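Welcome! Please take a look at the sequence and the structure below, and then we will walk through a few of its residues together.

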Amino acid sequence: MDLIAKNNELEVQIESGSPLAYNLIMESETKPTFSKSTGLPRKRFYRARAHSNPLSDSHFPIPISPSHVDFSLHFPKFFGANNEEVSKKVEFADIGCGFGGLLISLATLFPDTLMIGMELRDKVTEYVKERILALRKTSSGGQYENVSVVRTNSMKYIPNYFEKGQLSKMFFLFPDPHFKEKNHRRRVISVDLLDEYAYVLRAGGIIYTITDVEELGEWMRSCLEKHPMFESLTQDELDSDPVVELLCSATEEGQKVARNGGQTFRAVFRRIAYVS
Amino acid sequence: MEESHIEEEGERQTKHEVAPALISVHPFQKSVAVTVGSALRVFDLIEGRPVSLVDESDGPSHKDSIRAIRYGSSGKLFASAGDDKLVKIWSADSWHCLNTISSEKRVTAVSISSDDSYVCYADKFGVVWVVDLDGVNEGKVVLPSKKGVQLLCHYCSIITSLEFSPDGRYILSSDRDFKIRVTVFPKKPLQGAHEIQSFCLGHTEFVTCITFVQNPEFAQGYLMSGSGDSSVRLWDITTGSLLDTCDVSPTVKHLESNESEPTQVTVTDICSLPNSSLAAVSIQRQVCFVLPCIRFQGIVLLHCDLSAHTLSITKVIKIPGDSFIPTSISFSTSTRLLWMVSGASNGSNHPGYTRVRLILRIEAEPSSVLEDEQVPGGTTLLEHLQGKVSIEESVMSAAAEAVRAAMCSLMVKKQYSEENREFRKNNRNDKKPTQ
């Protein structure tokens, strides 16, 4: 083995074709986590397991209350130098946003609405952050300033981020099915958690859910039907909502299902005004 | 490893967890109840003699540590619940056990609605259950045992306190994840309480205790909460807004003037003096310290200015004498006495230690900590409630330390280093340990 100084980086020269050679060549170049052509981050450097434990205690910072969240960090173009001029609030939340497919599509559809993705996995959140920053840089019309991502456990901390009745749309796309009955309590949609989602959604706000797992689809629909603060959208309302078709097509998961010719199960409900 | 994964905390296998002694006084001072471990001891203050509890089960009523007790505000009912997964409803007149409710998990908090129609109890997994008290609220033994229905849930969080608002419109639940949830108590609670009125967010550590402070001028009452973040806070529950924060750690520093580092204290219990704007809090240091003689031993009295929405410390009452760090306090409306208990037990087998003391005229000058002979019921009361008349200081000191350690272990979130976390993840075994 020879050590060679090359471009101010130390490179180890060994037998070409050996596994060690392959690894070292990969490492000795500057890691190309961003594609040179598009300027966007490359997914394969941000891969993580699909499952994350929603019960594990947080080791990421949690805001004490919604007023403690500095949204000017997330949406710099929408806020002036001092945070007091907060007039705009986040209205859309994508819970478990994954690689951000839905948010990116929504950002251009609703350019004046602030939206945020919530994701539990560290690497995936990093990916979405880099993607948004890159899109903002490469965009010609100042787009994507209205979308951001935060790493958090939305099953525990949604009230820490959003005030009562703040959101007009919430998205739950292809959530983890947690097949075993003993794990059903880890599901992101349940009658108990719907209390909290109903709290942050305003009356008239809409909750969108979709999955390719039939049992989970029935579960989510049944939870929403059981909950007194939600009512189903009519077929006409579903047809006239431009967001509905994005549920299947905009995300990586949705595209995978379409490729495999799988069926999807949607449940879209409206948060109604309610008195106990 | 005894280190608990949060998933297993609700079903922890370890027995003999240290439980603090609790005290509760009847709203009209007819009786006083003290629990330590699984022992429930009641003293009749009118007749001046111990009460014998009448319960169907043979042996002690509760088989494991009692974690929560409460008198209904009407004074007719009393509830006790704990680690044996039972909630017992007692008649506060005849002291018969009227009903025993089985819970799926260990119970951490209990509360009775002001009209005695419902009892709510919370378990270690964050679920709040409700039971209707039809029949029971007439003082009759009701069979069969009633079953709880789920009312609401704090996702995966230990619920530390349950409280109904004075007008009965809301049920409040505080948890270990720094939150207080205010939920509308519906007309049909058995179908669940789904409408959240507000969240009271602001504490930076686990919330331990909540109470309402009200007077005739502000009848709807304001919420006060104590926490492990050394503060007591004042809230408006309809909006969830934080009105004022009062840091109680300076009171500890004041008494130990040679301290230079900031002290972190836990507010362990809070109770308000009815029809006044005062509340008393008992506090405990969070960190173990080496020299046992330097220790805060007292009660902090807070004044609530309900029109200006402010909280301030009015008085610090030091408790003289042997080691006595209150673990639970309770006000008696009629006699303006603050009852305090200090003690702990480590499980069902060991009887545990308790010490009861009282403060007279807490809001006036001078307030005095009563000597044993001056206590209503005298040494008879103390002997019954404590198990014996005098306890050695070293025993009390050890008990106080055990309670502090247990609370920290349960409530404070464990911080692991990155490697430690990876190690724990990789070595985690989801199978239940074989016994």
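## Getting started

Helices (H or I, at least four residues) and strands (E, at least two) are DSSP runs, numbered from the N terminus. With that in hand, you can find A:G96 in the loop between strand 3 (90-95) and helix 3 (101-109) of chain A.

This is a predicted model, in which local features need pLDDT of at least 70, side-chain atom pairs count only at pLDDT 80 or more, and totals for chains, interfaces and linings use all residues. Residues are numbered from 1 along each chain as its sequence is written, chains are lettered from A and ligands numbered from 1 in the order in which they are written, and side-chain values use heavy atoms, with hydrogens and water left out.

## Two residues from the UniProt list

An unreviewed UniProt entry lists several "binding site" positions, including A:G96, A:E119, A:L173 and A:T251. UniProt positions are given in the numbering used here, feature names are shortened, and annotations may be inferred rather than shown by experiment.

Is A:G96 buried, partly exposed or exposed? Buried means under 20% relative accessible area, exposed over 50%, and partly exposed in between (1.4 Å probe, protein chains only). A:G96 is partly exposed because its relative accessibility is 37%. Leaving aside residues up to four places away in sequence, A:G96 touches A:M118 and A:E119, where contact means heavy atoms within 4.5 Å.

A:T251 sits in the loop between helix 9 (246-249) and helix 10 (252-259) of chain A. A:T251 has a relative accessible area of 9%, so this residue is buried. Beyond residues up to four places away in sequence, A:T251 is in contact with A:G101, A:L102, A:L173 and A:F174.

## Aromatic rings that meet

Rings of Phe, Tyr and Trp (its six-membered ring) pair if their centres lie within 6.5 Å; planes under 30 degrees apart count as stacked, over 60 as edge-to-face and the rest as tilted. Over all chains, the whole structure holds 15 aromatic pairs. In one of them, the ring centres of A:F92 and A:F110 are 5.1 Å apart and the planes are at 85°, so the pair is edge-to-face. A:F92 belongs to strand 3 of chain A, while A:F110 is in the loop between helix 3 and strand 4 (114-119), 18 residues apart.

A:F92 also pairs with A:F171: the centres are 6.4 Å apart and the planes at 75°, so this pair is edge-to-face. Both A:F92 and A:F171 are buried. One aromatic cluster is formed by A:F92, A:F110, A:F171 and A:Y208.
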